[in-house]
Every structure is written in structure tokens, then in C-alpha cells.
Amino acid sequence: MLRMWSHSVSTLMPGIALGTACISNISLSDYTKELLTLYCAVKFKCTYTWARHVNGAKAQGVTDSQLQALKDGIIQDRDVWDEQSVAFLAFLDETIDCPEASNETFNKAKKWFSDREMVEIVTAQGFYYMWSRIATTFQVEVDEGLRGDYEKAKNWAKTK
């Protein structure tokens, strides 16, 4: 993925910096970050992002039934999701599909997330849209033998 993105020298480093911030520096819990990443992978039809994050999501507590629900777009089922996750996924869904979240959805998310976290959710989904469009447009394939982009980004961030 980074090899493909490197064709745009002027956007590679700022993109990696934003991605690194979205992966490791935002204040959302690791579980919520992984839900965000995987739901964006589904919404943006990006198998690359899904493949790169599914194991990390499992490590953060995302269950197999939740993974299937994400794939199926089931984000309101209280048998699968707790109240906080429902509020989060509804807010994320609306920020992806609409110019803004409805007042009802926004207020439900605000019950659980600070202003900082709300901005981070919107920012991170924007990053994953960009990431996904590079992966899908240029048909970037996952190479399971390579260390993940997350590790590459973390290492890059340590050198800056």
C-alpha cells in the first residue's frame, strides 16, 4: 500500500502522519478504533483494510458475531452491540453517508464521546476513505508476508 502511495511523493508523508495519528494517537479506545476501521472497510468496500485490521480487532475484543454484523451492515442490533457501540456506529454511519449526523444520532454519540473524540471519529473516517480509495482504485493486494502498514507507520513516526 505504501509503495503505491509513494507515487505521490507530496502526499505520502502527510498521509502517513495523519494515518499514524488516527491509528495510535487519537483518544478513542483501541476497541473503538478497530470498530471504526473495520466499519469504514465495509462502507468503502475495501478488502485491503479489512484484511489488515481483522486480527487486530479480534485482539481488542471484537467478537466473531460482531465482525459478521459489521460485514452485514447490522449496527443497531442490541443482541450484538452494547448501547455505546450502537451510538458510535450510528454516528459513524451517518458521517459517512450524509453531510452531517442527525441531531438525535449526534446527541446519542455525545452521551459517550467527548468533543475531541467526536472530531477524531470524523477525521479518522476521512483518512480511511482516502486510504480505501487508493487501495481499491489501484487494486492493492494484501501481502500477508509483509509487516503490516500499522507497524510501518509506527516505525516511521518514531523517526520523525
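This is a predicted model: local features need pLDDT of at least 70, side-chain atom pairs count only at pLDDT 80 or more; totals for chains, interfaces and linings use all residues.
Visitor: Why does Phe-127 count as buried?

Guide: Phe-127 has a relative accessibility of 4%. Buried means under 20% relative accessible area, exposed over 50%, and partly exposed in between (1.4 Å probe, protein chains only). Residues are numbered from 1 along each chain as its sequence is written, and side-chain values use heavy atoms, with hydrogens and water left out.

Visitor: What makes Phe-127 and Tyr-128 an edge-to-face pair?

Guide: There are 7 aromatic pairs in the structure. In this one, the ring centres of Phe-127 and Tyr-128 are 5.1 Å apart and the planes stand at 75°. Rings of Phe, Tyr and Trp (its six-membered ring) pair if their centres lie within 6.5 Å; planes under 30 degrees apart are stacked, over 60 edge-to-face, and the rest tilted. The distance of 5.1 Å therefore makes a pair, and the angle of 75° makes it edge-to-face. Tyr-128 is buried too, at 3%. Ring pairs also join Phe-127 and Tyr-128 to Trp-5, Tyr-48 and Trp-131 in a cluster.

Visitor: How many helices and strands does the protein chain have?

Guide: The protein chain has 9 helices and 0 strands, so the pattern along the sequence reads α-α-α-α-α-α-α-α-α. Helices (H or I, at least four residues) and strands (E, at least two) are DSSP runs, numbered from the N terminus.

Visitor: Which residues have the most contacts inside the largest nonpolar core?

Guide: Leu-36 and Trp-81 do, in a core of 47 residues. Such a core is a set of buried Ala, Val, Leu, Ile, Met, Phe, Trp, Tyr and Cys residues joined through side-chain atoms within 4.5 Å. Elements giving it two or more residues include helix H2 (9-25), helix H3 (30-43) and helix H8 (115-137), and H8 supplies the largest share, 8 residues. Leaving out residues up to four places away in sequence, Trp-81 touches, among others, Tyr-31, Leu-70 and Val-86; contact means heavy atoms within 4.5 Å.

Visitor: How do you know that the side chains of Thr-105 and Glu-94 make a polar contact?

Guide: The two side chains come to 2.7 Å. A polar contact is a pair of N or O atoms within 3.5 Å; within protein, one must be able to donate a hydrogen and the other to accept it, and residues adjacent in sequence count only if both atoms are side-chain atoms. The 2.7 Å is within that limit, so the pair counts. Thr-105 sits in helix H7 (residues 103-110) and is buried, at 10%.

Visitor: Why is Thr-136 called partly exposed, and why is Leu-12 called buried?

Guide: Thr-136, in helix H8, has a relative accessibility of 27%, so it falls in the range for partly exposed. Leu-12, in helix H2, stands at 13% and is therefore buried. The side chain of Thr-136 also makes a polar contact of 3.1 Å with that of Arg-133. Beyond four places in sequence, Thr-136 touches Phe-44, Lys-45 and Cys-46, while Leu-12 touches Leu-2, Trp-5 and Ser-6.
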